[in-house]
Amino acid sequence: MTNTRKAEQGPGRATFPHGGGERRIVVIGAGAAGMMAAGRAAERGAEVLLCEKMEHPGKKLLVSGKTRCNLTNARELDGFMGMYGPGGPFLHAAFRRFFREDLLAFLERYGVETKTERGGRIFPVSDRAEDVLTAFRAYLKEQGVRLRTGSPVTAIRTEAGRVSGVQTSRDLYPAAAVILATGGATWPATGSTGDGYRLAAALGHRIVPLRPALVPLAVREISLARSLQGVSLRNVRLTAFRDPADGIDPGRIPENECGRGIGGRQPRPPVIESRMGEMMFTHFGIGGPIVLLMSLAVVDALAAGPVGVSIDLKPALTPVQLRERLQRDFDRHGRRQFRRHLEGLLPAKMVAPFLALTDIPADKPGHQITASERDRLAGLLKSLRINVKAPLPMASAIVTAGGIALEEVDPRTMASRKVSGLFFCGEVLDIDADTGGYNLQAAFSTGYLAGEGAADVVLSPDASAREGHDRERTGIEVAGQEPETFLRREGAS
Ligand SMILES: Cc1cc2nc3c(=O)[nH]c(=O)nc-3n(C[C@H](O)[C@H](O)[C@H](O)COP(=O)(O)OP(=O)(O)OC[C@H]3O[C@@H](n4cnc5c(N)ncnc54)[C@H](O)[C@@H]3O)c2cc1C
């Protein structure tokens, strides 16, 4: 294709690209947040152009929830807010204006029925993320939003401290308001390559260092990980410590789970987080649900020093109960070889590595196993300790932690506090959440608010005046700055 820039749809009230732009909004990025923002701004009566750098909108939406799109969560509001850590309070106003029920009603309007699954996760009944994207396309078309794909934005233009337009690789689009919805820096093949951080930083915004979140972890004991590759563990307790593995005191494993989104007590140092659930071993280390949930806290702790994890393979038993149970088994099946005993305790693939770790001969009969050997085995089953080396790189994370500093954004409108007429929404903000539909809900809610805020600015001269005209010209080309500029080195391998 020679001309990659194309107006994909929409009857188009706007006369882009070369009009004056007094009442126009340009939205940068056609992901969950940008599509919602564009549709809502147009619904309020603004002329809206949606610039997307990829050939198609919503690429990340399509891969979300393993292509089933976990849209939001049924959890009540307080618990919901807890899933965002420090970013939670910032979202109050956005959730008050547009929350789960509004999202579900909106989708229903466009033919998407939803269902609730385990953990309150809400999906389309069809299990197809594609249906969600189709709904958004219909919304954009209905509202007359012009979608321009294959149009990467390279700079946001400003004059006298307020936005004046947007520069793409080919055109300059005048605009009275701009909504930056470029997403994070993970899964770059979906288009989220961190451009928004450069665009915002070029206009003087502070970028909270980017870190990968919801990401698998590489470990130092690589040969152990490889020997356990593919082993999936259910109902185990994973506890991360601000200590190297051999410095972990299993006596400090908290009685209850603790970590982001878990009510009750905060983890007490040196514990970072402790979670029950499912995890797996991979060729590089550990992954799976509880590892992903714990990963951001681990990434942040790794910036300060070594991190070790302890895996309790028998969390239902206390150390004393486990020792008694092992002893009973050894007594009852005294002639049975140690290997066979292990087979009754562990997944098949874990037996050989455990034999090596316990240093007990595989053919030793149960009745010959000494008390100290039994205790060594019990200790390993209650606390298999491993050193975390680093998270996998940003590209493999589910979300980007860090981003545009929230104190520079008005939570009631998503407006920049630094540049008039500039709005933000979605993952480009310093907001990230646990798995469960929370990241998409934040994108939809902040997108809705940004759309309304921007529409207010372009449609009401008073709002424009309030925004002030006393800032200096700050339009800056951003080519040449790499997203790595904003990565915190220690946190990103
Ligand atoms: C594999 C995977 C699965 C996920 N599953 C879920 C899930 O089930 N539930 C959930 O809640 N969250 C999920 N997430 C997270 C969620 O998808 C994101 O947080 C959410 O999509 C962010 O929306 P956004 O609109 O801010 O950014 P994005 O969806 O990333 O959209 C940003 C858009 O901006 C465009 N863009 C970037 N730079 C430019 C530029 N310079 N010019 C023009 N356009 C540009 C990009 O091409 C992209 O289309 C998942 C993430 C991944 C990677």
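# Strands, helices and a ligand shell

Modeller: Strand β9 (residues 162–168) is joined to β10 by three bridges, and the two run antiparallel. This model is predicted: local features need pLDDT of at least 70, side-chain atom pairs count only at pLDDT 80 or more, and totals for chains, interfaces and linings use all residues. Residues are numbered from 1 along each chain as its sequence is written.

Colleague: What makes two strands a pair?

Modeller: DSSP must find at least two bridges between them. β9 and β10 have three bridges, so they count as a pair. The elements are DSSP runs numbered from the N terminus: helices (H or I, at least four residues) and strands (E, at least two).

Colleague: In β10, which residue is the bridge partner of Gln167?

Modeller: Leu172 of β10 is the partner of Gln167.

Colleague: How do you know which are the edge strands of this sheet?

Modeller: The sheet is open, with three strands in the order β8-β9-β10 and antiparallel pairing. β8 (153–159) and β10 (172–174) each pair on one side only, which makes them the edge strands. On average, neighbouring strands are turned by 25° against each other, direction ignored.

Colleague: Which strands run in the closed barrel?

Modeller: Six strands form the barrel, in the order β13-β16-β15-β14-β17-β18, and their pairing is antiparallel. From one strand to the next, the twist averages 45°.

Colleague: How do you know that β14 and β15 pair?

Modeller: Strand β14 (residues 232–241) and strand β15 (residues 271–281) share eight bridges in the antiparallel sense. Val236 stands opposite Gly277 in β15. Helix α9 (residues 289–302) packs on this sheet, touching β13 (217–219), β14, β15, β16 (285–287), β17 (307–312) and β18 (384–391), and its direction makes about 140° with that of β15.

Colleague: Why are α1 and α6 called roughly parallel to each other?

Modeller: Helix α1 (residues 32–43) and helix α6 (residues 129–142) pack at about 30°, with axes 9 Å apart. Axes are lines fitted to C-alpha atoms, for helices over the stretch in contact, and angles run from 0 to 180 degrees between N-to-C directions. Angles under 35 degrees count as roughly parallel, over 145 as roughly antiparallel, 65 to 115 as roughly perpendicular and the rest as oblique. α1 and α6 are therefore roughly parallel.

Colleague: Which residues of α1 and α6 meet?

Modeller: Met35, Ala38 and Gly39 of α1 meet Phe136, Tyr139 and Leu140 of α6. These divide into five nonpolar, one polar and no charged. Ala, Val, Leu, Ile, Met, Phe, Trp, Tyr, Cys and Pro count as nonpolar, Asp, Glu, Lys and Arg as charged, and the others, Gly among them, as polar. Contact requires C-beta atoms, placed from the backbone, within 7 Å.

Colleague: What makes α12 oblique to α13?

Modeller: Helix α12 (residues 348–358) and helix α13 (residues 371–382) pack at about 125°, with their axes 10 Å apart. That angle makes α12 oblique to α13. Phe354, Leu357 and Thr358 of α12 make the contact with Arg376, Leu377 and Leu380 of α13. The contact has four nonpolar residues, one polar and one charged.

Colleague: At what angle do α10 and α13 cross?

Modeller: The axes of helix α10 (residues 319–332) and α13 cross at roughly 130° and come within 10 Å. That makes α10 oblique to α13. The contact involves residues including Leu322, Leu326 and Phe330 of α10 and Leu377, Ala378 and Leu381 of α13. By class, this contact has seven nonpolar, one polar and four charged residues.

Colleague: Which residues come nearest to the ligand?

Modeller: Gly29, Gly31, Gly183, Gly191 and Gly426 come nearest, out of 39 residues around the ligand. α1, α2 (59–63) and α14 (438–459) are the elements that give two or more residues to this shell. The shell has 18 nonpolar, 15 polar and six charged residues.

Key. Two residues are in contact if their C-beta atoms, placed from the backbone, lie within 7 Å. A residue is near a molecule or strand if its C-beta atom, placed from the backbone, lies within 6 Å of it.
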